[in-house]
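The sequence and structure come first, and the entries follow by topic.

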Amino acid sequence: MESGQKADFQKLQRYDRGQEHLHYYAFDILWLNGHNLQTVPLIERKKILQLLLAEPPPHIHYLEHIENDGIAFFEEVKKKRGEGMIAKRADSPYSPGLRSKDWFKVKTGYWQEMVVCGYIPSEKGARPFSSLLCAVYETGSLVYTGRVGTGFSEEMMEDLMPKLRDLEIDRLTIENAPAEKNIRWLRPRLICEVKFSNWTNDGIMRHASFVGLRTDKKPEDIHFEQAVKPVIPTGRVKFTNLDKLFWPEEGYTKEDVIAYYRDVAEVILPYLKDRPQSLYRTPSGIIEKGFFQKNVSEIAPDWAETVELTNSDGEKIEYLLCQDEDTLLYMANLGCIEINPWSSSLPQLENPDFMIFDLDPVDVDMSDVVRLAFDFKRLFDQLGIPAYCKTSGSRGLHLYVPVRRCYTYSQVQNFVKLIETYIHSQNPEITSLERSPAARKGKIYLDYLQNAKGKTMASVYSIRPRLGAPVSAPLSWDELHTGLDPRKFTLRTMRRRLERKGDLWHNIFKQRVDMQKVLNTLKDQET
């Protein structure tokens, strides 16, 4: 312990004075006399443990807990400059190997486990290195997170240096790599814990300080840690089956979906408001195929806004309008992992807000999709057309062009067909206008038919019910490159991206295209 009874992780790691000075604090009991207690509620397990340790040996202690006064206790932890606390449901079982929603780590500041990916040698003789380079894994790739140059004692640096030398390699594949030339890259094997003041907009730690090495985890399990508040009912929305597993491989639940949409509501709602929603419900997650529900006349709550429309068969359909966060969360509770708004909005539902260029590859490398997107971009630039790009959340890209709301769906579709037919004529070897998947295998399908009334695409910032929980993520054109991996934009990573990048589409409606002027320009060029 430090003076003032504050725990010192580094001193514990370096402790070598024998066991007589060590104390063991027991906070849970999982087995007793051959009986498995893991399914017994936590509060009952604690009672059993307390009875067993009523008269413990001198160096073994029962760890007390605080009930009900968690907020006050957390404030006390902050005053004492502690790392944080663990909040647990009193009736929770013990779930080995699982990230349970029943236990939450609540930190007082920024603490993060990091993979040590390199170091910079010191120019001062007294120090073997000046700083360690840190990274985390994000969807399988190492992402650089900054340097740590403080928090080391001389003894710890001397202990670390042989480990660093043994792991040196010539080069390392890492995203967001620093520009320094004297870096010694390492095989990503060591894990350290770091405390820091904040993140920069580029995802780099500010004022990072070394806490200690960790030996109880695998490097590939080290990801960006992001505190996610538990889902609680709102005044109008009650949630059900929050622990239902939606992604078995990733361990994501229905609660994770609802929490995501709660946290991104501010940025996604401008793209949903006043637009009829085609609900794509996947109540079993990705385990089973979902179903579309357009008519909500029998299920929509009284407080939710709807609009009644007549389809081509004369049938009246009551569509849900996603006007606020509560409606968005209501949709998520229905099992709407994916959000599908119309391209037009009230009061002008006959006039779309966007032209949509859907680049849908079938057995085509993403690098070819990116190259084709830039062919579109060069043409758009020549015609003075602003264009916005996003991942589809699947295998392709979507290009959106804001259009003046004086054109019909048919007119917009014909314009998109004209553009895509030209692009196809320039790239016949990798593009197709054929609807049949068999006829476009190995090609990028240019689907102008998506620009039809009632047709929907996954919204920007929408999760897709696919492996990995991908998100349809907006991209700047600078981010579009042949090494693009859309799988990196997920339910887990999107919040952090928004913190760093903000909403890349926030200006999309500030400059709308007048299609007739563009067509006139094309005619003038021909003559």
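**Domains.** I looked up the distance between domain 1 and domain 4 and found their C-alpha centres 52 Å apart. The model is a predicted one, in which local features need pLDDT of at least 70 and side-chain atom pairs count only at pLDDT 80 or more, while totals for chains, interfaces and linings use all residues. Residues are numbered from 1 along each chain as its sequence is written, and side-chain values use heavy atoms, with hydrogens and water left out. I noted the division of the chain into domain 1 (9–107), domain 2 (110–221), domain 3 (232–341) and domain 4 (350–526); these bounds come from an automatic or database domain assignment.

**Salt bridges.** I recorded 30 salt bridges in the structure, the term standing for a side-chain nitrogen of Lys or Arg within 4 Å of a carboxyl oxygen of Asp or Glu. Side chains of opposite charge can pair when their charged atoms come close.

I then looked up R45 and D28, whose side chains meet in a salt bridge at 2.8 Å, N to O. R45 belongs to helix α2 (residues 42–52) and D28 to the loop between β1 (24–26) and β2 (31–32), so this pair ties together parts that are 17 residues apart in sequence. For the element names, helices (H or I, at least four residues) and strands (E, at least two) are DSSP runs numbered from the N terminus. Are R45 and D28 buried or exposed? I use buried for under 20% relative accessible area, exposed for over 50% and partly exposed for values in between (1.4 Å probe, protein chains only). R45 is buried at 0%, and D28 also counts as buried, at 16%.

K47 is partly exposed at 46% relative accessibility, and E44 is partly exposed at 34%.

I found another pair within a helix in α7 (residues 366–383), where K377 and D381 are 4 residues apart, about one turn. Their salt bridge is 3.0 Å, N to O. K377 counts as buried at 19% relative accessibility, whereas D381 is partly exposed at 47%. An α-helix has 3.6 residues a turn, so residues three or four places apart point the same way.

I also listed a network of salt bridges that links E113, E193, R214, D216 and K217.

**Surface patch.** Which residues make the nonpolar surface patch of about 290 Å²? I found Y25, F27 and L63. Patches take residues with over 30% relative accessible area and no salt bridge, with like charges joined within 9 Å and nonpolar side chains (Val, Leu, Ile, Met, Phe, Trp, Tyr) within 5 Å. Accessible areas come from the Shrake-Rupley method with a 1.4 Å probe, and for residues only the protein chains shown count as cover. I placed L63 in the loop between β4 (60–62) and α3 (70–79); L63 is partly exposed, at 35%.

L133 stands opposite R147 in β9. The two strands form a hairpin with 2 residues between them, and T139 in the turn has a positive phi of about 45°. Strand β9 (residues 141–148) is mostly covered, with 6 of its 8 residues buried.

I traced an open sheet of 3 strands in the order β18-β22-β21, paired in the antiparallel sense. Its edge strands, β18 (276–277) and β21 (306–310), each pair on one side only. β18 and β22 (residues 316–321) are joined over 2 bridges, with Q277 opposite L320 in β22.

After α6 comes G335, with a positive phi near 100°.

**N198.** I located N198 in strand β13 (residues 198–199), partly exposed at 32% relative accessibility. Not counting residues up to four places away in sequence, N198 touches Y110, I204, M205 and R206. The C-alpha atoms of N198 and Y448, 250 residues apart along the chain, are separated by 45 Å.

Terms used
Two strands pair if DSSP finds at least two bridges between them. Contact means heavy atoms within 4.5 Å.
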